[in-house]
Amino acid sequence: MNMSDLTSPDARAIWTRHPTTLFIFRRLFNTTRAAHSLLLIDFFVDSSYNRPPREKYSRHVGEGYHDTSKIQLVGEKSKMRKQLPAVVLPLLVLLAVGEAQNPSLTSQAALQKVDVIRKADSIRVEIMGRGQWMAKVMNLDSPSRVVVVLPDTVMATSYNRINVDSRLVKAVRIGTDGRTPPTTSVVIDCVETCQYEMLPGGSGQVILRLYAAGASTATVAAGNEAAHASTSDKPTNSTTAPRSSPTMAAPASATPLYAQKAAAVGTYNGPGGCAASSCHGSVQPKTTTRIFQNEYTIWIAQDKHARAFAVLRNNVSERIGRILNIGAPTKAPKCLACHSLYVPLEQQAQTFGLDDGVSCENCHGPASGWLGPHTTKDWPHDKSVQLGMYDTRNLEKRSLKCLTCHLGVAEKFVDHEMIAAGHPDLTFELGLFTFVMPPHWKMPEQGNPWRQVQAWGVGQAVQLRESLNRLARRANDTIWPEYAELDCFACHHSLTRTEDSWRQERGYPRRRPGSPPWNESRVVVFRVLIEEINANASKQLNDELMQLASLMNQLNGNREQIAASATRASAFADQLVRQVDGQGYDSALTLRLMRRIARDGTAISNEGERSAEQSAMTLDSLFRAYNQNVKPANATELRTAIDGLFALLQDPSAYSAPRFEAQIQRVSEIVSR
């Protein structure tokens, strides 16, 4: 048995029905080795994720990290198969074995108490605990603070903040990074730049005296003498606040409690810097702060990005590595570029593992410049952006960041060679991908109930622009034609009897039979949006793309002409990004978009499987926003009909345009009522 057994669906059901057992387990198994598993147990028990199971249908993206094209309908059925003793007894055995094999755990260093003593011209901070300490003390700026780092030390205090509110020190905070072994930090928030000195202390004791920068030597010396004479005094003005105290400042104003070091702006810390419960590692969402503070917990427990590196260890990935002759995928830069936080050593502010997968800084940018400051009270978002944070509030930039891996850039991409080796083709739709992520931010964003529709539109525009840039780049590259730009399933489809072929029945408009067509899935639903908001722009876009399609659909199209045409179309799509982002979105526009896309079902179906998939994802995203805000009477019926679209996309090579057309017509009938 291992710790993962304790978070299985059956075990989680036991925890939910028997909270007393969970409490006993926590008390008995209170070791640092259990920290991550306890976090997951807390999450599954306390959150809505583990409410009693119901008979329902839900949609999710396929098991492979990139296998987002396989969107499945799953009938979730859950029943109790293990009784309470089946969980409790193995726990007791595990406890006994653990204690026998790890007798040193009980003697691990622990921080037990922090006292603050006011003096006339200084503040003395006394840190006490048990075990052998190797304290590291550093003075950091922006904002000014003194940090005492205690490696391999657990936090055993009953409080995590001491409000000082003196002219020199605002507060003292205590926290741990949640790793194994843990690092506990004491952060002393200075009002302005302050200096410190270490004072003599007994075993298991660290004593610091803090004074204002620029204080005279005589003043400091006098303070030293007084401090040395009273190191055993009781605190004269300690303002410790228990965790439950209503006077404790909201964690949003806190500097992150993790092992820090001075590092250049633009370097990476890894996800551990965000894991403390007082930062983003809270089990329960908090309502008193600007953010929920459980973002790290959601990421590590539910987000597929956290398992991006683990995918590289499966049999399919290893086979891809052998076919491409790149060695183990877990060590291949070609794979690590999108499956981990893969940055050069000189850009790492501290050591972190690649096996964390796609983590915080992959999306939010290198944190060394803003990680400390961004948690101070009233710290503006713009300042964090200036210090290296990636601005994901900007929908264009958010879409672009996602597409660096979900579409590819010059430095990292999926081409026909990789697809032939077994890597899934890349598809993307910002709205649906955000939903299945799932979001770890407050919704609706910025208090805008139609922000999800805006994000869908911007995502479509940016995806079109970047796909055209990719086409132009590839047309100018050494390998051409690049078959990944074509409709994969025009060739890779199940063969049927000639009289049953819907493709031959439909014919091959605008191309020679036998020539694979260009994959136009990234424009098929975007056309509808542009027609709604700018008819003239829609005509120009269609003209540009029809010319490009005629070049791409030739057996051996002129690559220079293709590159030039794709570049022109990309420039025009770039102009449309701003129009789409600035467009006002409401229930009326959302409903019109759903109706028009469903009404175009015949043309969309005949464009092929990828276009059909894009329309299904779009209808799903628009319906979610519309249902959340309007709650139409036919919501259940419409939900079932949209789910029926995804059921027809389970096996792309067996895709049938007539069947998909019939189902999307059903959606059209319902949404038009």
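This report walks through a predicted model of one protein chain, from its overall make-up to a few individual residues.

## What you're looking at

Because this is a predicted model, local features need pLDDT of at least 70 and side-chain atom pairs count only at pLDDT 80 or more, while totals for chains, interfaces and linings use all residues. Residues are numbered from 1 along each chain as its sequence is written, and side-chain values use heavy atoms, with hydrogens and water left out.

The chain averages a pLDDT of 81, and 76% of the residues score at least 70 (pLDDT is the predictor's confidence in each residue, from 0 to 100). Over residues 1–7 the pLDDT is below 50, and this stretch has 18 contacts in the model beyond near neighbours in sequence (contact means heavy atoms within 4.5 Å). Residues 216–261 also stay under 50, and for them the model has 117 contacts beyond four places in sequence.

## The overall build

There are 24 helices and 13 strands in the chain. Both come from DSSP runs, numbered from the N terminus: H or I with at least four residues for helices, E with at least two for strands. Of the 673 residues in the chain, 51% are buried. Here buried means under 20% relative accessible area, exposed means over 50%, and partly exposed is in between (1.4 Å probe, protein chains only).

Take the contacts in the chain with a separation of 6 or more: 68% of them come from residues 24 or more positions apart. For a mostly covered element, look at helix H6 (residues 295–302), where six of the eight residues are buried. Those six are Glu-295, Tyr-296, Thr-297, Ile-298, Trp-299 and Ala-301.

## Cavities inside

The count comes to three cavities of 30 Å³ or more. The search runs on a 1 Å grid over the protein atoms alone: a cavity is a set of points where a 1.4 Å probe fits but cannot get out, and lining residues have an atom within 4 Å of a point. Grid points are joined across faces, edges and corners, and a volume is the space filled by probe spheres set on the points.

The largest cavity holds about 90 Å³ of space. Helix H15 (residues 451–475) gives the most to its lining, with four residues. Among the lining residues are Leu-464, Glu-485, Trp-518, Val-523 and Leu-545. By class, the lining of the largest cavity has five nonpolar, two polar and four charged residues. For those classes, Ala, Val, Leu, Ile, Met, Phe, Trp, Tyr, Cys and Pro count as nonpolar, Asp, Glu, Lys and Arg as charged, and the others, Gly among them, as polar.

The second largest cavity has about 50 Å³ of space. Its biggest contributor is helix H22 (residues 609–630), with three residues in the lining. The lining of this second cavity includes Asp-425, Phe-428, Gln-463, Arg-610 and Glu-613, and its residues divide into two nonpolar, five polar and four charged. Asn-519 and Arg-522 turn up in the linings of both cavities.

Leu-464 sits in helix H15 and is buried, with a relative accessible area of 3%. Not counting residues up to four places away in sequence, Leu-464 touches Arg-522, Val-523, Phe-526, Leu-541 and Ala-573. Leu-464 and Val-523 are 59 residues apart in sequence, yet 6.4 Å apart in space, C-alpha to C-alpha.

Thr-590 belongs to helix H20 (residues 587–599). With a relative accessible area of 0%, Thr-590 counts as buried. A polar atom of its side chain lies 2.8 Å from the backbone oxygen of Asp-586. Setting aside neighbours within four places in sequence, Thr-590 is in contact with Trp-450, Val-453, Leu-622 and Tyr-626.

In strand S8 (residues 159–163) you'll find Tyr-159, which is buried at a relative accessible area of 9%. Tyr-159 and Gln-112 are 47 residues apart in sequence and 9.8 Å apart in space, C-alpha to C-alpha.

His-364 lies in helix H10 (residues 360–364) and is partly exposed, with a relative accessible area of 26%. Beyond its neighbours within four places in sequence, His-364 is in contact with Trp-370, Gly-388, Met-389, Tyr-390, Thr-392 and His-440. Of these, Gly-388 is 24 residues from His-364 in sequence and 8.6 Å away in space, C-alpha to C-alpha.

Notes: A polar contact is a pair of N or O atoms within 3.5 Å; within protein, one must be able to donate a hydrogen and the other to accept it, and residues adjacent in sequence count only if both atoms are side-chain atoms. On a 1 Å grid over the protein atoms alone, a cavity is a set of points where a 1.4 Å probe fits but cannot get out, and a pocket is an open set with protein on both sides within 12 Å along at least five of seven lines; lining residues have an atom within 4 Å of a point.
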